[in-house]
Amino acid sequence: MNYSAIKYCDIANGTGVRTVLFVSGCRNCCKGCFQPQTWDFSYGKPFTKETQEELIASLEPSYIQGLTLLGGDPMEPENQAALLPFLRRLKTKYPQKDIWAYTGYLLDRDLILGGKCYTIDTNELLSFIDVLVDGPYLEQESSLMLKFKGSANQRVIDCRHFMENGEIRVCM
């Protein structure tokens, strides 16, 4: 997997102060996407062990609330396979840190058994995610007034609740 950027001390992509990883690769190609260069799976730099160590170290300060995964799209099957071992390590070291992820796919359609992005890694990966912002970015529904999402159709979902109960609970 490649990644396009890492932001430290970010306050725009989830609650609190966060580390943000922008992965490369997205097949949704939403019109008006703010970083279309990340659609290319080979864009950016390789997601190496060294990169993972830097990310984990960045989460050490108590004022860092957690990690956010953006893209591209972290829920592309190739990205799920690369992110799962990393999230296992992260949650082992920092079980109290939360994880947010943004995807253009729909949790209850594309990321369930039989869905277009469901893989052998999906359920375990989702089990590590606290909040999932799902749905494609729709330029005609965009607004700067929306909290933690770019367009009104997107949902900010309590992913833990979904994994435990199979129900979508929008948390913001």
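Okay, let's start with the largest pocket: 31 residues line it, and nearest its centre lie Phe-34, Tyr-102, Tyr-137, Gly-150 and Gln-154. What you're looking at is a predicted model, where local features need pLDDT of at least 70, side-chain atom pairs count only at pLDDT 80 or more, and totals for chains, interfaces and linings use all residues. Residues are numbered from 1 along each chain as its sequence is written, and side-chain values use heavy atoms, with hydrogens and water left out.

Back to the pocket. How do you look for one? Rolling a probe the size of a water molecule over the atoms shows where empty space is left. Here that is done on a 1 Å grid over the protein atoms alone: a pocket is an open set of points with protein on both sides within 12 Å along at least five of seven lines, while a cavity is a set of points where a 1.4 Å probe fits but cannot get out. Lining residues have an atom within 4 Å of a point. The largest pocket holds about 630 Å³ of space, where points are joined across faces, edges and corners and the volume is what probe spheres set on them fill.

What is the lining made of? It divides into 15 nonpolar, 14 polar and two charged residues. For the sorting, Ala, Val, Leu, Ile, Met, Phe, Trp, Tyr, Cys and Pro are nonpolar, Asp, Glu, Lys and Arg are charged, and the others, Gly among them, are polar.

Next up, cysteines. A disulfide is a covalent bond between the sulfur atoms of two cysteines. The cut-off used is a pair of cysteine sulfur atoms within 2.5 Å. How many disulfides does that give? Take Cys-33: the nearest cysteine sulfur belongs to Cys-30 and is 6.5 Å away. Cys-117 is in no disulfide either, with the sulfur of Cys-26 the nearest one at 9.1 Å.

Are these two buried or exposed? Let me give you the scale: buried is under 20% relative accessible area, exposed is over 50%, and partly exposed is in between, with a 1.4 Å probe and protein chains only. Cys-117 is buried at 2%, whereas Cys-33 is partly exposed at 25%.

Now for salt bridges. Side chains of opposite charge can pair when their charged atoms come close. To count, a side-chain nitrogen of Lys or Arg must be within 4 Å of a carboxyl oxygen of Asp or Glu. The whole structure has 12 of them.

One of them joins Glu-139 and Lys-31, with their closest N and O atoms 3.8 Å apart. Where do these partners sit? Glu-139 is in the loop between β6 (131–134) and β7 (155–158), and Lys-31 is in the loop between β2 (17–23) and β3 (45–46), 108 residues apart. Those labels come from DSSP runs, numbered from the N terminus: helices are H or I with at least four residues, strands are E with at least two. Lys-31 is exposed at 65%, while Glu-139 is partly exposed at 36%.

Another salt bridge pairs Arg-155 with Asp-108, at 2.7 Å from N to O. Arg-155 is in strand β7 and Asp-108 is in helix α3 (residues 107–110), so this pair ties together parts 47 residues apart in sequence. Asp-108 is partly exposed, at 34%.

Asp-158 and Arg-169 also meet in a salt bridge, 3.6 Å from N to O. Because Asp-158 lies in strand β7 and Arg-169 in the segment after α5 (159–165), the pair ties together parts 11 residues apart in sequence. And there's a network too, linking Arg-27, Glu-76 and Glu-78.

Gly-72 sits in the loop between β4 (64–70) and α2 (77–93).

Cys-9, in strand β1 (residues 2–10), has phi near 60°, and Cys-9 is partly exposed at 45%. Phe-148 also has a positive phi, about 60°. Phe-148 is found in the loop between β6 and β7, and is buried at 13%.
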